[in-house]
Amino acid sequence: MHPRTSGQGIFPRYGGGWMHQFGHVYALQQELLNPNANNWFRAVELWHTARQEGVAMNSTHFTAILRQCVQPGAWAQSLQALQQMTREHIRPDVIGVGCALAACVEGKHYVAVEDIFNTFHKSMQLDSVCHLARIRARQECGDTKGAIEAGKQQQQEQAPFLPYTYTHLLEACNVEDDDVYALELVRSMHTEQWAPSQRAAVAMRELGDRHPLIARASEPVLELVDSNSPLSLDASPHSHAHASNEKKP
C-alpha cells in the first residue's frame, strides 16, 4: 500500500487512484466469496478489512463467512456475524442460518443452537440442515426425548430427513426405548433406500434385540451397510454444500 500523499483522485490512500481502489475492493470481495475457501480466520479478517474500507456487505458475503466457521466449530465468530447482520439490517438466508447452527453444534455451544433456531423459525422456513443441527444438539447434550420431539416436528413441517438425521434419532430412540418411532424411522429408511451409518446400524440392532418387529423391519435396511454405499459412513453433513452433494445409493 502506498502512502497517502502518493494517491490521486478521491481515494488518495491507494497510489493508483480510483482504479487502484476499485481493483483492491474487487479482489477483496472475490476472495471473500471464493466457494473453495475454507479458512475461518482469514474470512473474519477479510470481513473486518471490508468494514474498514467501507465495502458494502450483503447476505452473500456473510454466508461465505458463516460457511467457513462450520468445520472448526467457530461458534463465537458465527454469532458475531449474525449480530452484525442484525445491526446492519441484513436478513440472513436459510443457508447462512444453517451454517451458524452447524458451527454452534460443532463447537458444542448447544444453548445458542436453540436460540438461533427459535429466532429464525418464526420468520423463515428452515431446511433439513437447520433441523439436523437442532436434533444433533439435543441428542449430544443428553436430551434424547427432546431430539425425538424435534424429529417429529421436522416431519410435521415436511422437511426431509438427511441420512445423518436418522443416526441421531435412532440413537435417541434406543436410549428411550421408543420402539414405535424407531419402527417408523426404519421403515422410512427402507422406503427411501438410505443406507444406515455404522452408528445407526448399532442402534437398530440393539432395538431389534428387544423388539422383534424392528428386527424384521431392519433386515433389508441393514443389508445396505455392506453395499459399499457412501452413505454408510459416519460423516455428518457440515453445511448445505455437503448436504446437497449427498446422493442416495
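This is a predicted model: local features need pLDDT of at least 70, side-chain atom pairs count only at pLDDT 80 or more; totals for chains, interfaces and linings use all residues.

Visitor: Leaving aside neighbours within four places in sequence, which residues is Ser 218 in contact with?

Guide: Contact here means heavy atoms within 4.5 Å. With neighbours within four places in sequence set aside, the contacts of Ser 218 are Val 186 and Met 204.

Visitor: Let's move to H8 and H9. At what angle do they pack?

Guide: H8 covers residues 144-156 and H9 covers residues 163-176. Their axes are 9 Å apart, and the packing angle is about 135°. That angle makes H8 oblique to H9. So the value to note for this oblique pair is about 135°.

Visitor: What hand does the crossing of H8 and H9 have?

Guide: Follow H8 as it passes H9. The crossing there is left-handed.

Visitor: Which residues of H9 make the contact with H8?

Guide: On the H8 side, the contact is made by Thr 144, Lys 145, Ala 147, Ile 148, Gly 151 and Gln 154. By class, the contact has 6 nonpolar, 4 polar and 2 charged residues. From H9 come Thr 165, Leu 169, Ala 172, Cys 173, Val 175 and Glu 176.

Visitor: How far apart are the end C-alpha atoms of H8?

Guide: H8 has 13 residues, which should span 18 Å at 1.5 Å a residue. The distance between its end C-alpha atoms agrees with that: 19 Å.

Visitor: Which helices do the buried residues of H8 pack against?

Guide: The buried residues of H8 are Thr 144, Gly 146, Ala 147, Ile 148, Ala 150, Gly 151 and Gln 154. Their packing partners are H7 (128-140), H9 and H10 (179-192).

Visitor: And which helices do the buried residues of H4 pack against?

Guide: H4 runs over residues 75-87, and its buried residues are Gln 77, Ser 78, Leu 79, Ala 81, Leu 82, Gln 84 and Met 85. They pack against H2 (40-53), H3 (59-68), H5 (94-106) and H6 (110-121).

Visitor: Which residue with a positive phi follows H4?

Guide: Just after H8, Gln 158 takes a positive phi of about 60°. After H4, the residue with a positive phi, near 60°, is His 89.

Note on methods:
Residues are numbered from 1 along each chain as its sequence is written. Side-chain values use heavy atoms; hydrogens and water are left out. Axes are lines fitted to C-alpha atoms, for helices over the stretch in contact, and angles run from 0 to 180 degrees between N-to-C directions. Helices (H or I, at least four residues) and strands (E, at least two) are DSSP runs, numbered from the N terminus. Angles under 35 degrees count as roughly parallel, over 145 as roughly antiparallel, 65 to 115 as roughly perpendicular and the rest as oblique. A crossing is left-handed if the near helix is turned anticlockwise from the far one by less than a right angle, and right-handed if clockwise. Ala, Val, Leu, Ile, Met, Phe, Trp, Tyr, Cys and Pro count as nonpolar, Asp, Glu, Lys and Arg as charged, and the others, Gly among them, as polar. The expected span of a helix is 1.5 Å times one less than its number of residues. Buried means under 20% relative accessible area, exposed over 50%, partly exposed in between (1.4 Å probe, protein chains only).
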